[in-house]
Amino acid sequence: MGFDISHDINAETATTHVQPDTKTRRYDRQLRLWASMGQSALESARILVIGASATATSILKNLVLPGIGHFTLLDHALVSPGDAGNNFFFDGPTSIGRNRSEEAVRLLAELNDNVHATADTRDVADVLASDPSYFFGFSLIITHNLAPVLLTRLADLLWRNSSSPPLIPVRSAGFLAEIFVQFHTHEIIESHTETAPSIRIDKPFPALLQAAQALEFDSMDTTDHGHIPYVYILVRALDDWKAAHNGLPPQTHAEKQEFKSILNAQRRTSDEENFDEALAQAYRAWTPTVVPPHLVELFADTATMPPTPFGHLLIALRSFSERPPHVLPLNATLPDMKSDTESYVHLQNLYRTQAGEEREQFRSLLRAPVDSELVDLFVKNAHGVQLLKGARYGALDALPEKLVMHLNSLTRETATHLAFSALDAWRSSPPRQTGGPTERELRDHVVTLIPRTELNEKELSDAIGEIVRAPTADLPNVAAFLGGIVAQEAIKMITRQYVPVNGYCVIDLVDTWTGVLPS
Amino acid sequence: MATAAGPPTANGFHYADWEDRYYHVDQVLDRPGPRTDPDSFMAGAAVKNFLRDKCKILVIGAGGLGCEILANLALSGFKDIHVIDMDTIDISNLNRQFLFRPKDVGQPKATIAAEYIMKRVPGVTVTPYYGKIQDKDDDYYMQFNLVICGLDSVEARRWINATLVNLVDRENPESLKPLIDGGTEGRDLSFRYHVAPHRSEGFKGQARVILPTITSCYECSLDMLNKPTVFPICTIANTPRLPEHCIEWASVLEWPRVKGETKLDTDDPDHIQWVYDVALKRAEEFKIEGVTWSLTHGVVKNIIPAIASTNAIIAASCCNEAFKIATSSAACLNNYFMLIGTDSVYSYTFEHEKRDDCPVCGGESLEISIPESWTVERLIEMLVERQDIQIKKPSLSTPTKHIYFQAPPQLETAMRPNLEKKVSELVPEGGDVIVTASTLPFNLSLRITYT
């Protein structure tokens, strides 16, 4: 699977000038987040959900509404009276005794005509035994409270092949829940990071430096002086400072204060907003523009670069950053700032021109051909690109040292995770008991994973006690909560935008918290 | 277990639950968990009877959050649900408001949502009201045990919050109505707590529990809410730099100049087209790139991105708290939960503190220090602007005399000369000023000192 950008540009130019069509209007509120590229990724997705529980149908609802291409719901069981009571996608008591996947698919499909839906009434155990290739026909697989032995078999099957679809196993009991996202690697270009790209005040490109030094502050009238963009003010002040300080920026606290008072002294009047901005942004003068740490770490590990366009782009990005001035390609987007229109537009053009040149330099470093629009997208988002390395579902439980470490820093998350693992162990240990587990039985399973001395009594009792209270309860509100959380993760995996959970997301709706346990 | 026939529902007839209907929910109602308060939890028949036959709950808003809230409450076992919404269904609602279909576009949200829930979840009565929350009086709100809000308006939340705080009568425990408030429109406390101020829009939301007069109320947090982006009028008029500036120029300045009395209707595509054309022309003139139809629509209508999954998370949190409060099966949230899903899953649960000088639940006057030279008009400007007050069109009086009233017109005209007077001529040092506004059901008491 790669980044498919073919739908993007044409669709956007076509809809720029006129009122959008019905489909665009329907999806307007989400297109503003993931744009037509994210939407076409969703529309190409084929999702398999195993088990038509209330949680599973809540997840599907939140994927059908934004318009995934296809889903299959795999479940051979019949609707029980309890199912009919807690699942909005069964038709009350009239659904009792009918096949769970057929009933749910019928009512889920009503939500969006654009989504293709299939009910598969086979037993997942049979499919795993007779037709394992079935699972490779999907782009994402989600399970809810799947029998532990089958889940392990499925997770292992998928893990064996690095091009397998990601798997999101969901476990819940009463007010507690846990989800995991299994993938080998996950490539993200548009992470929608909070961190803004550098505007290189500290390392101004020649045209910027020249433009800043060419301005005649003193001969400007008061209006013009109050509209000099702070970028020029800072670049120039820093250049002057460096000339007087052996080429070094302000370093000590005293020097930084002195730099600020130099800025302040340039004010014509006390209420010049552009100088207020320059002072507020002065830290940019002594904060070096460098390659973000997460990319430095990634570059150090090029042996595992995937042989994909994304991998080629990353290698080129590393090459780019190895050359002076050791930065990422410039981003063409300039933040808004106090300025007159002409100065701002001129400054913006300086950034655009330089960014265009650096993008071409970047392109020349590519060792394999990559779609030109994908290159543009990558360069535009370079400071936020990520390559996540995932783990096999269940691997954490075989690492007692790591569990102990987590237990110290993420106590309640780890305790809840252990309680779920104990419930699964109890469910798969023969002979199958009738009734639910006891606290004692779950504790006995927990101590097979972690030394007894490490256990934290309060957090573990809190988690085990809730699971013993309601071991098979798929509560409507917890199902709805998971429906949202899991759909968000699925959307992130499919669109390759935003950053998914890497590990276990543990949820406790008694005390209303969530936490993440890295795998 | 035998099929149990409960007391009459709001429709006046009995509905028999099928056996094991509540197989899942009953697991947490039949026995306590380790963190359940044993004194308030009446496991078994008592708690089920209250939830399913006695508890009456009000849902405010039948939109993105409201649709989810109604379905969750119905499945949880609430059987007497009321819903208020003043809106009709738009096509852009359909990507998340899952009780509505294309054929429902133009119909009232409250009515369609109520019909859908009753059809799908037998034995539940949902009573819709298509109108404004301000249409209803104290007696109406008094009938409910709980209120859940799924709104996207700060003004409406302030109104219902103040109404429920005013309802509290210390002699009558029934008068305390827990208020559960959800939101995904970004007016939350995330900026205050240094998490994800801007770009996480659409993937972010919050749920909070307000026990009126006991815990922090909505008004207590008013000054901490994330602020919407505002473009200064001088930038729009003189120095546009962004496409948004050109769009604001077209909609805020050019529209009224050219169209006169005709109001800009943000739902009318022809109006948006006009603004788009005018904005585009201005952008070309100033060599500004990026004005599109979609951006124009977004800026003019103040569109906030919204997706089904985020609404599901926040609505579920609200309903889970309602369920815990109604059943005491677990303690309720104390008192604020925010979740951000852009980078992994991040959430933060904390207690937001009550403000002693909160104009709604605090009881103490707000101390205000102003220059002795300030006129009444200047004081009013400050009251409109201050983040912790934000009162539109305030009227002022002292305990003994009126200073300025916004309405009725005769009174406004009579008192208008006071606007020019100095506050210090009308109010002594340390004196009180009572501020009222027709949009808010509370009086703000200021204690004025002069600098």
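This is a predicted model: local features need pLDDT of at least 70, side-chain atom pairs count only at pLDDT 80 or more; totals for chains, interfaces and linings use all residues.

Colleague: Which residue is the bridge partner of B:Y336 in β8(B)?
Modeller: B:Y336 is bridged to B:F350 in β8(B). The two strands, β7(B) and β8(B), run antiparallel and share five bridges. "Paired" needs at least two DSSP bridges between the strands, and the elements are DSSP runs numbered from the N terminus, with at least four residues (H or I) for a helix and at least two (E) for a strand.

Colleague: OK. What order do the eight strands of that open sheet in chain B come in?
Modeller: They go β3-β2-β1-β4-β5-β6-β7-β8, with mixed pairing. At the edges are β3 (125–130) and β8 of chain B; each has a single partner strand, so one side of each has no neighbour in the sheet.

Colleague: And β4(B), how many of its residues are buried?
Modeller: Five of five, for residues 146–150. Buried here means 20 or more other C-beta atoms within 10 Å of a residue's own; 12 or fewer is exposed and in between is partly exposed, with C-beta placed from the backbone.

Colleague: Which residues sit on which side of β4(B)?
Modeller: In a regular strand, side chains alternate between the two faces of the sheet. In β4(B), B:L146, B:I148 and B:G150 are on one side and B:V147 and B:C149 on the other, and all are buried.

Colleague: What does β4(B) pair with?
Modeller: It runs parallel to β1(B) (56–60), over four bridges, and B:V59 stands opposite B:I148. Four bridges also join β4(B) to β5(B) (179–183), again in parallel. There, B:G150 has B:G182 as its bridge partner.

Colleague: Switching to the other open sheet in chain B, what's the strand order?
Modeller: Five strands, β9-β13-β12-β10-β11, with mixed pairing. The edges are β9 (366–370) and β11 (402–404) of chain B, and each of these pairs on one side only. Further in, β10(B) (395–397) and β12(B) (432–437) are antiparallel over three bridges, and B:L396 is bridged to B:V435.

Colleague: Now the chain contact. How many residues does each chain put in?
Modeller: Chain B gives 71 and chain A gives 67, where contact means C-beta atoms, placed from the backbone, within 7 Å. On chain B's side, α1 (23–30), α3 (64–76), α9 (269–285), α10 (293–301), α11 (308–327), β7 (336–340) and β8 (346–350) each supply at least two residues. The largest share is from α11(B), with 11 residues.

Colleague: Which residues of α1(B) are buried?
Modeller: B:H24, B:V25, B:D26, B:Q27, B:V28 and B:L29, that is, six of the eight. Their cover includes α5 (81–86) and α22 (457–469) of chain A, plus α2 (45–54), α3 and α11 of chain B.

Colleague: What domains does chain B have?
Modeller: Domain 1 is 23–226 + 306–350, domain 2 is 233–301 and domain 3 is 366–450; the bounds come from an automatic or database assignment. The C-alpha centres of domains 2 and 3 of chain B are 35 Å apart.

Colleague: And chain A?
Modeller: Chain A gets domain 1 (24–191 + 473–508), domain 2 (206–286), domain 3 (293–389) and domain 4 (395–469).

Colleague: Last one: what are the overall numbers for chain A?
Modeller: Chain A has 23 helices and 10 strands. Its C-alpha trace spans about 90 × 60 × 45 Å along the principal axes, and 46% of its 519 residues count as buried. Among its contacts between residues at least 6 apart in sequence, 73% join residues at least 24 apart.

Notes
Residues are numbered from 1 along each chain as its sequence is written. Chains are lettered from A and ligands numbered from 1 in the order in which they are written. Two residues are in contact if their C-beta atoms, placed from the backbone, lie within 7 Å.
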